[in-house]
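Biologist: Could you walk me through how to read a few features of a structure? I'm new to this.

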Amino acid sequence: MSDVRPLPISILRGGTSRGIFFLAKNLPHARERIEPILRDVFGSPDARQINGLAGATPNTSKAAIIGPPSRGDADIDYTFAQVDIKTPLVDWGGNCGNISSAVGPFAIDAGLVPAVEGETIVRIHNTNTGKIIVAHVPVRHGRAVRHGDYAIPGVPGTGARVDLEFTDPAGSVTGKLLPTGRPDEEMTLADGRSVRVSLVDAGNPCVFVLAEDVGARGSEAPDEIEANVGLCDTLEEIRAIAAERMGIVPSRDVALSKSPGLPKVAMIAPPSEYVATTGDAVPADAVDLLVRSMSMQTAHRSLQVTGAICIGAAAATDGTLVHRVTRPATQRRDRDRIRIGNPYGAMDVLVTAHEADGQVVIDGVRIGRTARHILDGTVWVSAELLALEEEARGDSELEVLATLR
């Protein structure tokens, strides 16, 4: 018997991320058995991921596992995994909104959801957060449309717009919009400095800090942030303390090893003019606030979609630092739309909310993305990782590949 076995995969870009997609029926059920398969496919751990298919950045080291729905209000289940590059860790703690934008197109192309000409609505159950994401996918001749005139910062050219509705996004991991019950709070760092932070959980849990409080502007390019080792260390310390306060880890001392991806940490600042990484000038009146976010201990080249969801929810919540620096609703053309200035340019989110018993309730956050179905194929995986699972199911490679059309 050969020492390798075939495993069908697809590669898709969703927003500013690229991921490897798997059908759930082709993988074991237990995550501890899936993880070595993902490391084998991705080529991790290795800073270059030269022995696998990932791209040696957090934005291109992501997995999506798609299967039949486990709840009646969804069309499919979607599980996200962030495969670490330099360590053996696979993080299942939260969702990736960018990859979420490719889930609907994949499900339609794979025949998991019946295609409706014009627009197909796919109700996605993200198993990481237990939340429903509603994807509005343009469809032509039974497949998701790729080409269109919608542009998003960080992706060359234009594509067909995929709208994502994150319904009831609050409490994705912690169960609360404000995990500690406070819109902002003080945090004392190891060197004695005190900073104000806001801990918010919508889409994914995030901790926000004013850029000026950590010696930054909030308009820095990612390379400039990463070159400032002291700033990166400070942001990681803030993230670790927040992880403990949110109950994601038992102690800040294990935040890096146990949960390097959650919570996200971001610097925020009021709107101002800056130069995007594309070289284009972004005027102050084109954005409602500035955000510079970290992802897996590196500066995000744009902004996580789930980060944008959390920012939108925080901006709609009185008392948070995000609400404080965001251009007031009375000064925006569309009071419910928030334009977030990130390194690539402006990303906008549409927030719907209402008040109940004196508390803000976030009904949903909507964002536009584009996606591209790049490849369907077979990756060769170590036989010892797949043999027992395939024998138990009795599936053949051709039967599995036939589901991808």
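Biologist: Is C96 buried or exposed?

Modeller: Buried means under 20% relative accessible area, exposed over 50%, and partly exposed in between, using a 1.4 Å probe and protein chains only. C96 has a relative accessible area of 6%, so C96 is buried. Keep in mind that this is a predicted model, where local features need pLDDT of at least 70, side-chain atom pairs count only at pLDDT 80 or more, and totals for chains, interfaces and linings use all residues. Residues are numbered from 1 along each chain as its sequence is written, and side-chain values use heavy atoms, with hydrogens and water left out.

Biologist: How many disulfides are there?

Modeller: A disulfide is a pair of cysteine sulfur atoms within 2.5 Å. The count here is zero. For C96, the nearest cysteine sulfur belongs to C206, 12 Å away. C310 is in no disulfide either: the nearest cysteine sulfur, again that of C206, is 3.7 Å away. C310 counts as buried, because its relative accessibility is 0%.

Biologist: Now H300, where does it lie?

Modeller: Helices (H or I, at least four residues) and strands (E, at least two) are DSSP runs, numbered from the N terminus. H300 sits in the loop between β17 (298-299) and α6 (305-315). With a relative accessible area of 3%, H300 is buried.

Biologist: Which residues is H300 in contact with, leaving aside its neighbours within four places in sequence?

Modeller: Contact means heavy atoms within 4.5 Å. For H300, the list is T16, N59, P222, S293, M294, S295 and P343.
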